[in-house]
Amino acid sequence: MTTTDTHTGARPAPPEGRDGGLALPPEEARQATNEHYELPPEVFMAFLDERVKYSSALYLTPGATLEEAQTAKLHFVAERLGLRGGECLLDVGCGWGSLTLFMAQEYGCEVTGVTPSTPQAEYVREQALRLRIADRVHIRVGSYSDLDIDGRYDAATMLGSIVHMPDRVAVLRKAYASLRREGRLYLSESCFRSAEVYREFASRPGTRHVTETIFGFADMVPFSQLIEAAESAGFSLERLDDLTAHYHRTIEEWERRAQANRERIEAAAPGMAEPLVRYLRTANAGWGYTSKHYALTAAKSRLGPKAAV
(Lines give C-alpha, C1' and ligand atoms only; values in the text may rest on other atoms or scores of the structure.)
Protein backbone atom coordinates (compact mmCIF):
# COMPACT_ATOMS: atom_id res chain seq x y z
CA MET A 1 0.00 0.00 0.00
CA THR A 2 1.21 3.45 -0.77
CA THR A 3 0.11 6.98 -1.43
CA THR A 4 0.27 9.43 -4.29
CA ASP A 5 3.22 11.79 -3.93
CA THR A 6 3.34 15.27 -5.39
CA HIS A 7 7.14 15.45 -5.27
CA THR A 8 8.50 16.24 -8.71
CA GLY A 9 11.84 15.57 -10.31
CA ALA A 10 13.72 12.68 -11.86
CA ARG A 11 12.42 9.20 -11.24
CA PRO A 12 14.44 7.44 -8.54
CA ALA A 13 15.81 4.00 -9.22
CA PRO A 14 14.02 1.18 -7.39
CA PRO A 15 15.57 0.47 -3.98
CA GLU A 16 18.50 -1.90 -4.16
CA GLY A 17 17.39 -5.50 -4.36
CA ARG A 18 13.81 -4.71 -5.38
CA ASP A 19 12.05 -5.51 -8.64
CA GLY A 20 12.92 -9.18 -8.60
CA GLY A 21 16.12 -9.20 -6.53
CA LEU A 22 16.60 -10.19 -2.91
CA ALA A 23 16.51 -7.03 -0.80
CA LEU A 24 17.24 -9.00 2.38
CA PRO A 25 17.92 -12.62 3.31
CA PRO A 26 14.68 -14.26 4.60
CA GLU A 27 15.77 -14.26 8.25
CA GLU A 28 16.72 -10.56 8.16
CA ALA A 29 13.39 -9.76 6.50
CA ARG A 30 11.61 -11.69 9.27
CA GLN A 31 13.44 -9.80 11.99
CA ALA A 32 12.71 -6.44 10.35
CA THR A 33 9.03 -7.29 9.84
CA ASN A 34 8.65 -8.30 13.48
CA GLU A 35 9.16 -4.69 14.53
CA HIS A 36 5.49 -4.28 13.63
CA TYR A 37 3.96 -7.71 14.22
CA GLU A 38 5.48 -8.16 17.67
CA LEU A 39 3.64 -5.13 19.02
CA PRO A 40 1.26 -6.10 21.85
CA PRO A 41 -2.03 -7.60 20.62
CA GLU A 42 -3.87 -4.81 22.46
CA VAL A 43 -2.65 -2.38 19.78
CA PHE A 44 -4.37 -4.35 17.04
CA MET A 45 -7.48 -5.04 19.11
CA ALA A 46 -7.94 -1.27 19.39
CA PHE A 47 -8.65 -0.81 15.67
CA LEU A 48 -9.30 -4.20 14.05
CA ASP A 49 -12.44 -6.36 14.27
CA GLU A 50 -13.20 -8.82 17.04
CA ARG A 51 -11.29 -11.60 15.21
CA VAL A 52 -8.22 -9.30 14.97
CA LYS A 53 -8.12 -9.89 11.20
CA TYR A 54 -5.41 -7.70 9.67
CA SER A 55 -6.35 -7.86 5.97
CA SER A 56 -9.11 -6.69 3.67
CA ALA A 57 -12.74 -7.35 4.52
CA LEU A 58 -15.47 -8.07 1.95
CA TYR A 59 -18.43 -5.69 2.09
CA LEU A 60 -21.41 -7.44 0.53
CA THR A 61 -24.04 -4.92 1.70
CA PRO A 62 -23.89 -1.13 2.17
CA GLY A 63 -24.65 -1.31 5.88
CA ALA A 64 -22.32 -4.18 6.79
CA THR A 65 -20.23 -3.75 9.92
CA LEU A 66 -16.50 -4.47 9.88
CA GLU A 67 -17.15 -7.67 11.83
CA GLU A 68 -19.75 -8.83 9.29
CA ALA A 69 -17.51 -7.93 6.35
CA GLN A 70 -14.54 -9.79 7.80
CA THR A 71 -16.67 -12.90 8.37
CA ALA A 72 -17.90 -12.63 4.78
CA LYS A 73 -14.30 -12.44 3.58
CA LEU A 74 -13.33 -15.60 5.44
CA HIS A 75 -16.25 -17.49 3.87
CA PHE A 76 -15.18 -16.06 0.51
CA VAL A 77 -11.67 -17.48 0.95
CA ALA A 78 -13.16 -20.86 1.88
CA GLU A 79 -15.32 -20.77 -1.25
CA ARG A 80 -12.39 -19.87 -3.49
CA LEU A 81 -10.43 -22.80 -2.03
CA GLY A 82 -13.36 -25.16 -2.46
CA LEU A 83 -13.44 -26.12 1.21
CA ARG A 84 -16.24 -28.45 2.19
CA GLY A 85 -15.05 -29.38 5.68
CA GLY A 86 -12.26 -31.38 7.24
CA GLU A 87 -9.47 -30.38 4.87
CA CYS A 88 -5.83 -29.81 5.83
CA LEU A 89 -4.93 -26.15 5.37
CA LEU A 90 -1.62 -24.27 5.48
CA ASP A 91 -1.98 -20.60 6.50
CA VAL A 92 1.27 -18.79 5.68
CA GLY A 93 1.46 -15.55 7.65
CA CYS A 94 -1.42 -16.41 9.97
CA GLY A 95 -1.20 -13.16 11.93
CA TRP A 96 -3.42 -13.14 14.99
CA GLY A 97 -5.11 -16.30 13.77
CA SER A 98 -8.37 -15.02 12.29
CA LEU A 99 -8.33 -17.36 9.29
CA THR A 100 -6.57 -20.21 11.08
CA LEU A 101 -9.10 -20.28 13.90
CA PHE A 102 -12.11 -19.66 11.64
CA MET A 103 -11.33 -22.53 9.27
CA ALA A 104 -10.68 -24.88 12.18
CA GLN A 105 -13.86 -23.88 14.01
CA GLU A 106 -16.33 -23.29 11.17
CA TYR A 107 -15.09 -25.82 8.60
CA GLY A 108 -13.48 -28.43 10.84
CA CYS A 109 -10.16 -28.04 9.06
CA GLU A 110 -6.82 -29.08 10.48
CA VAL A 111 -4.78 -25.91 10.11
CA THR A 112 -1.07 -25.23 10.29
CA GLY A 113 -0.46 -21.53 10.81
CA VAL A 114 2.94 -19.93 10.21
CA THR A 115 3.99 -16.63 11.77
CA PRO A 116 7.33 -14.90 12.32
CA SER A 117 6.02 -13.45 15.58
CA THR A 118 6.20 -15.21 18.95
CA PRO A 119 3.46 -12.98 20.49
CA GLN A 120 1.15 -13.84 17.59
CA ALA A 121 1.85 -17.54 18.00
CA GLU A 122 1.13 -17.43 21.72
CA TYR A 123 -2.09 -15.49 21.14
CA VAL A 124 -3.38 -17.95 18.51
CA ARG A 125 -2.60 -20.93 20.70
CA GLU A 126 -4.44 -19.34 23.61
CA GLN A 127 -7.48 -18.66 21.43
CA ALA A 128 -7.44 -22.21 20.07
CA LEU A 129 -7.54 -23.53 23.65
CA ARG A 130 -10.35 -21.13 24.54
CA LEU A 131 -12.38 -22.25 21.52
CA ARG A 132 -11.60 -25.93 22.22
CA ILE A 133 -10.04 -26.48 18.81
CA ALA A 134 -6.40 -26.80 19.89
CA ASP A 135 -6.26 -30.33 18.46
CA ARG A 136 -6.89 -28.88 14.98
CA VAL A 137 -4.59 -25.84 15.20
CA HIS A 138 -0.81 -26.13 14.85
CA ILE A 139 1.36 -23.00 14.93
CA ARG A 140 4.91 -22.76 13.61
CA VAL A 141 7.12 -19.77 14.46
CA GLY A 142 9.78 -18.44 12.12
CA SER A 143 10.40 -17.40 8.55
CA TYR A 144 8.30 -19.58 6.24
CA SER A 145 11.24 -19.63 3.83
CA ASP A 146 13.43 -21.31 6.46
CA LEU A 147 10.97 -23.62 8.19
CA ASP A 148 10.79 -27.31 7.33
CA ILE A 149 7.09 -27.83 6.66
CA ASP A 150 6.15 -31.27 5.37
CA GLY A 151 2.83 -32.66 4.29
CA ARG A 152 0.41 -32.67 1.42
CA TYR A 153 -2.10 -29.97 2.21
CA ASP A 154 -5.45 -29.60 0.50
CA ALA A 155 -5.10 -25.81 0.41
CA ALA A 156 -2.77 -22.97 1.30
CA THR A 157 -3.41 -19.30 2.03
CA MET A 158 -1.20 -16.21 1.91
CA LEU A 159 -3.17 -13.12 2.89
CA GLY A 160 -0.87 -10.10 2.80
CA SER A 161 2.20 -12.13 3.76
CA ILE A 162 4.26 -12.66 0.60
CA VAL A 163 5.03 -8.93 0.50
CA HIS A 164 7.33 -9.55 3.50
CA MET A 165 9.20 -12.44 1.82
CA PRO A 166 12.12 -11.43 -0.41
CA ASP A 167 12.25 -14.51 -2.67
CA ARG A 168 8.71 -14.79 -4.02
CA VAL A 169 9.38 -17.62 -6.48
CA ALA A 170 11.05 -19.80 -3.83
CA VAL A 171 8.17 -19.20 -1.42
CA LEU A 172 5.55 -20.18 -4.00
CA ARG A 173 7.52 -23.23 -5.09
CA LYS A 174 7.62 -24.31 -1.46
CA ALA A 175 3.86 -23.83 -1.17
CA TYR A 176 3.34 -25.76 -4.42
CA ALA A 177 5.41 -28.66 -3.10
CA SER A 178 3.38 -28.75 0.11
CA LEU A 179 0.05 -29.16 -1.73
CA ARG A 180 -1.49 -32.41 -2.86
CA ARG A 181 -2.46 -32.80 -6.50
CA GLU A 182 -5.35 -30.42 -7.33
CA GLY A 183 -4.68 -28.52 -4.09
CA ARG A 184 -5.43 -24.81 -4.21
CA LEU A 185 -3.67 -21.62 -3.22
CA TYR A 186 -5.40 -18.37 -2.24
CA LEU A 187 -3.02 -15.40 -2.32
CA SER A 188 -4.06 -11.80 -1.76
CA GLU A 189 -1.73 -8.82 -1.76
CA SER A 190 -1.54 -5.06 -1.98
CA CYS A 191 0.54 -4.02 -4.95
CA PHE A 192 1.57 -1.19 -7.22
CA ARG A 193 -0.80 -0.59 -10.11
CA SER A 194 1.89 -1.18 -12.73
CA ALA A 195 5.63 -1.64 -13.20
CA GLU A 196 5.93 2.02 -14.20
CA VAL A 197 4.24 3.18 -11.03
CA TYR A 198 6.43 0.81 -9.01
CA ARG A 199 9.58 2.33 -10.45
CA GLU A 200 8.33 5.84 -9.77
CA PHE A 201 6.88 5.46 -6.29
CA ALA A 202 8.77 2.62 -4.54
CA SER A 203 11.29 5.03 -3.02
CA ARG A 204 8.94 7.92 -2.22
CA PRO A 205 8.72 8.98 1.46
CA GLY A 206 5.09 7.84 1.86
CA THR A 207 5.88 4.39 0.50
CA ARG A 208 9.00 3.98 2.61
CA HIS A 209 7.04 4.99 5.73
CA VAL A 210 4.74 2.03 5.15
CA THR A 211 7.19 -0.55 3.83
CA GLU A 212 10.18 0.24 6.04
CA THR A 213 9.16 2.37 9.04
CA ILE A 214 5.94 0.46 9.81
CA PHE A 215 6.65 -3.02 8.47
CA GLY A 216 10.45 -3.17 8.63
CA PHE A 217 10.54 -4.92 5.27
CA ALA A 218 7.91 -5.12 2.55
CA ASP A 219 8.36 -5.16 -1.22
CA MET A 220 5.01 -4.20 -2.71
CA VAL A 221 5.58 -5.28 -6.31
CA PRO A 222 3.10 -5.08 -9.20
CA PHE A 223 0.75 -8.06 -9.10
CA SER A 224 2.04 -9.16 -12.50
CA GLN A 225 5.26 -10.20 -10.73
CA LEU A 226 3.28 -12.36 -8.30
CA ILE A 227 1.40 -13.97 -11.21
CA GLU A 228 4.72 -14.66 -12.92
CA ALA A 229 6.09 -16.15 -9.71
CA ALA A 230 3.00 -18.38 -9.31
CA GLU A 231 3.37 -19.58 -12.89
CA SER A 232 7.08 -20.25 -12.36
CA ALA A 233 6.20 -22.32 -9.30
CA GLY A 234 3.95 -24.53 -11.45
CA PHE A 235 0.50 -23.26 -10.50
CA SER A 236 -2.45 -23.07 -12.89
CA LEU A 237 -4.24 -19.75 -12.40
CA GLU A 238 -7.98 -20.02 -11.79
CA ARG A 239 -9.32 -16.65 -10.63
CA LEU A 240 -8.31 -13.05 -10.10
CA ASP A 241 -10.44 -10.84 -7.85
CA ASP A 242 -10.04 -7.07 -7.56
CA LEU A 243 -10.72 -6.21 -3.90
CA THR A 244 -9.33 -2.68 -3.95
CA ALA A 245 -12.57 -0.91 -3.05
CA HIS A 246 -13.18 -3.36 -0.22
CA TYR A 247 -9.75 -2.70 1.27
CA HIS A 248 -10.29 1.06 0.98
CA ARG A 249 -13.48 0.76 3.02
CA THR A 250 -11.79 -1.61 5.48
CA ILE A 251 -8.99 0.85 6.20
CA GLU A 252 -11.46 3.72 6.54
CA GLU A 253 -13.01 1.79 9.41
CA TRP A 254 -9.62 0.91 10.87
CA GLU A 255 -8.64 4.58 10.87
CA ARG A 256 -11.94 5.58 12.51
CA ARG A 257 -11.38 3.04 15.26
CA ALA A 258 -7.73 3.97 15.69
CA GLN A 259 -8.68 7.62 16.10
CA ALA A 260 -11.36 6.75 18.62
CA ASN A 261 -9.00 4.49 20.57
CA ARG A 262 -5.77 6.50 20.58
CA GLU A 263 -5.51 6.24 24.36
CA ARG A 264 -5.77 2.44 24.26
CA ILE A 265 -3.07 2.27 21.59
CA GLU A 266 -0.75 4.59 23.52
CA ALA A 267 -1.28 2.61 26.71
CA ALA A 268 -0.24 -0.60 24.94
CA ALA A 269 2.60 0.91 22.87
CA PRO A 270 3.60 4.48 23.76
CA GLY A 271 4.25 6.63 20.71
CA MET A 272 2.50 4.23 18.32
CA ALA A 273 -0.84 5.98 17.78
CA GLU A 274 0.37 8.74 15.47
CA PRO A 275 2.55 6.52 13.18
CA LEU A 276 -0.32 4.03 12.97
CA VAL A 277 -2.88 6.64 11.93
CA ARG A 278 -0.41 8.08 9.42
CA TYR A 279 0.15 4.61 7.97
CA LEU A 280 -3.60 4.04 7.56
CA ARG A 281 -4.09 7.41 5.89
CA THR A 282 -1.09 6.86 3.63
CA ALA A 283 -2.34 3.43 2.60
CA ASN A 284 -5.83 4.66 1.79
CA ALA A 285 -4.67 7.67 -0.22
CA GLY A 286 -3.16 5.56 -2.98
CA TRP A 287 -5.88 3.07 -3.83
CA GLY A 288 -6.65 3.14 -7.53
CA TYR A 289 -3.96 5.73 -8.25
CA THR A 290 -0.72 4.02 -7.32
CA SER A 291 -1.93 0.86 -5.58
CA LYS A 292 -4.39 -2.01 -5.96
CA HIS A 293 -5.39 -5.06 -3.93
CA TYR A 294 -5.91 -8.34 -5.77
CA ALA A 295 -6.64 -11.92 -4.78
CA LEU A 296 -5.39 -14.85 -6.82
CA THR A 297 -6.67 -18.41 -6.71
CA ALA A 298 -4.47 -21.06 -8.29
CA ALA A 299 -4.30 -24.84 -8.35
CA LYS A 300 -1.61 -27.51 -8.39
CA SER A 301 -2.91 -28.83 -11.68
CA ARG A 302 -1.46 -28.99 -15.18
CA LEU A 303 -4.86 -28.81 -16.86
CA GLY A 304 -6.46 -26.29 -14.51
CA PRO A 305 -10.19 -26.52 -13.65
CA LYS A 306 -11.85 -29.71 -14.89
CA ALA A 307 -14.10 -29.49 -17.92
CA ALA A 308 -17.73 -30.59 -17.61
CA VAL A 309 -18.30 -34.21 -18.58
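Predicted model: local features only at pLDDT ≥ 70, side-chain atom pairs only at ≥ 80, totals over all residues.

User: What do Arg-257 and Glu-253 form?
Analyst: They form a salt bridge, with the closest N and O atoms 2.7 Å apart.

User: And where do those two sit?
Analyst: In helix α10, which covers residues 244-260. Because they are four residues apart there, about one helical turn separates them.

User: Nice. What does Glu-274 pair with?
Analyst: Glu-274 makes a salt bridge with Arg-262, and the closest N and O atoms are 3.2 Å apart. Glu-274 belongs to helix α12 (residues 273-284) and Arg-262 to helix α11 (residues 262-268), so this pair ties together parts 12 residues apart in sequence. Glu-274 is partly exposed, at 45% relative accessible area, and Arg-262 is partly exposed too, at 27%.

User: Which residues do salt bridges with shared partners join into a network?
Analyst: Glu-67, Glu-253, Arg-256 and Arg-257 are linked into one network that way.

User: How many salt bridges does the structure hold?
Analyst: There are 10. Another one of them joins Glu-79 and Arg-80, whose closest N and O atoms are 2.6 Å apart.

User: Is Arg-80 buried or exposed?
Analyst: Buried, with a relative accessible area of 11%. Glu-79 is partly exposed, at 40%.

User: Switching topic: how many helices and strands does the protein have?
Analyst: It has 12 helices and seven strands. Of its 309 residues, 56% count as buried.

Notes:
Residues numbered from 1 in each chain as written. Heavy atoms only, no water. Buried < 20%, exposed > 50% of the residue type's maximum accessible area, 1.4 Å probe, protein only. Salt bridge = Lys/Arg side-chain N within 4 Å of Asp/Glu carboxyl O.
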